[in-house]
Amino acid sequence: MKTGRYNGGRGLVAEFNNKVAVVTGAARGLGAASARGLAAAGAQVILTDVLVDEGEVQAGQIRKTGAEAVFVAHDVTHEPAWEAVMSLALEQFGRVDIVVNNAGVAPTGKPLDELALDEWQRVIGIDLDSVFLGCKHAFRAMKIRETKETGGGSIINISSIMGLIGMGNGADYNAAKGGVRLLTKVAALEGAPFGIRVNSIHPGFVDTSLVRDAIDRSVEAGRTQGGLGSANEVIEMLSLSHPIGHLGVPDDIASAVVFLAGDGARFMTGSEMVVDGGYTAQ
């Protein structure tokens, strides 16, 4: 197995010889970048998503670099699907070392008193229930190794700055991402005796199709902050709202994922890594 090194252009170095990573929501955006980063660092990567064609393309591109990668169609809200993913990982690769719970949705945003219960439940299901299931089944897969060799593992839950601060018209998303933050801390406490580290990442606004689609829907619904009338105006406003002066890019978050997955973060568990261009420092 090839050992790789990845620094994301930022000096973060990790090596994952023979380690196996599962990344959800890996067909696009942060998940795709995280899968590429882990593969470049030497991990065997299982990419999962409901976007089958795009997920297969991402896995194929990773394989072209000489790394090992497979794609699995996966509804992260469905527990039997999680069981199938972990079974495949154990059967094909023999272990699970890293799980990145990244899959999620960004709703258009509505006032609390206009938000329908089914809309609330959809966001909670995809953005929070899926992380619970991911942690649950990652624990089961990682604990199996305790009887064979040194156990342990790293679970990385992608939350958001909206898991730290509130934002109007975001009750469902804020609640889900805030839930991910505290679920991570509980999982960290329960995983520690088994050498399983669990941390959360809280990105600011990152330039992905998920974010741009949410902006487009907000513009169409007339729900933009300050009444801005175009997607470009919203992007400019969001860029300026970060003290660093621009939106993030997926590799910014991938660098954090690779760091938390590696030995350089071996004393970190239950931590909140904020990667937001200074947004929450204001």
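## Overview

Of the 282 residues of the protein chain, 51% count as buried, meaning under 20% relative accessible area, with exposed over 50% and partly exposed in between (1.4 Å probe, protein chains only). This is a predicted model, where local features need pLDDT of at least 70, side-chain atom pairs count only at pLDDT 80 or more, and totals for chains, interfaces and linings use all residues. Residues are numbered from 1 along each chain as its sequence is written, and side-chain values use heavy atoms, with hydrogens and water left out.

The protein chain has eight helices and seven strands. These are DSSP runs numbered from the N terminus: helices are H or I with at least four residues, strands are E with at least two. Contact means heavy atoms within 4.5 Å. Among contacts with a separation of 6 or more, 70% join residues 24 or more positions apart.

β1 (20–24) is mostly covered, with five of its five residues buried. V20, V22 and T24 lie on one side. A21 and V23 lie on the other.

β1 pairs with two strands, β2 and β4. Pairing requires at least two DSSP bridges between the strands. With β2 (residues 44–49), the sense is parallel and there are five bridges. Here V23 stands opposite L47. The chain reaches β2 from β1 through helix α1 (residues 29–40), in a right-handed β-α-β crossover. Right-handed means that, with the strands pointing away from the viewer, the path from the first strand over the helix to the second runs clockwise.

β4 (residues 98–101) also runs parallel to β1, joined by three bridges. V22 stands opposite V99 in β4.

## Two nonpolar cores

A nonpolar core is a set of buried Ala, Val, Leu, Ile, Met, Phe, Trp, Tyr and Cys residues joined through side-chain atoms within 4.5 Å. The largest has 33 residues. I46, M86, V96, V99, M142, I155 and V198 touch the most other members. Elements that each supply at least two residues include β1, β3 (69–73), α3 (79–93) and β6 (196–203). α4 gives the most, with eleven residues.

A second, separate core has 31 residues, among them A26, A39, L47 and V206. M86, from the largest core, touches V96, V99, H137, A138 and A141, not counting residues up to four places away in sequence.

## A buried aspartate

D276 is found in the segment after β7 (272–275). D276 touches I161, H202, P203, G204 and H242, leaving out residues up to four places away in sequence.
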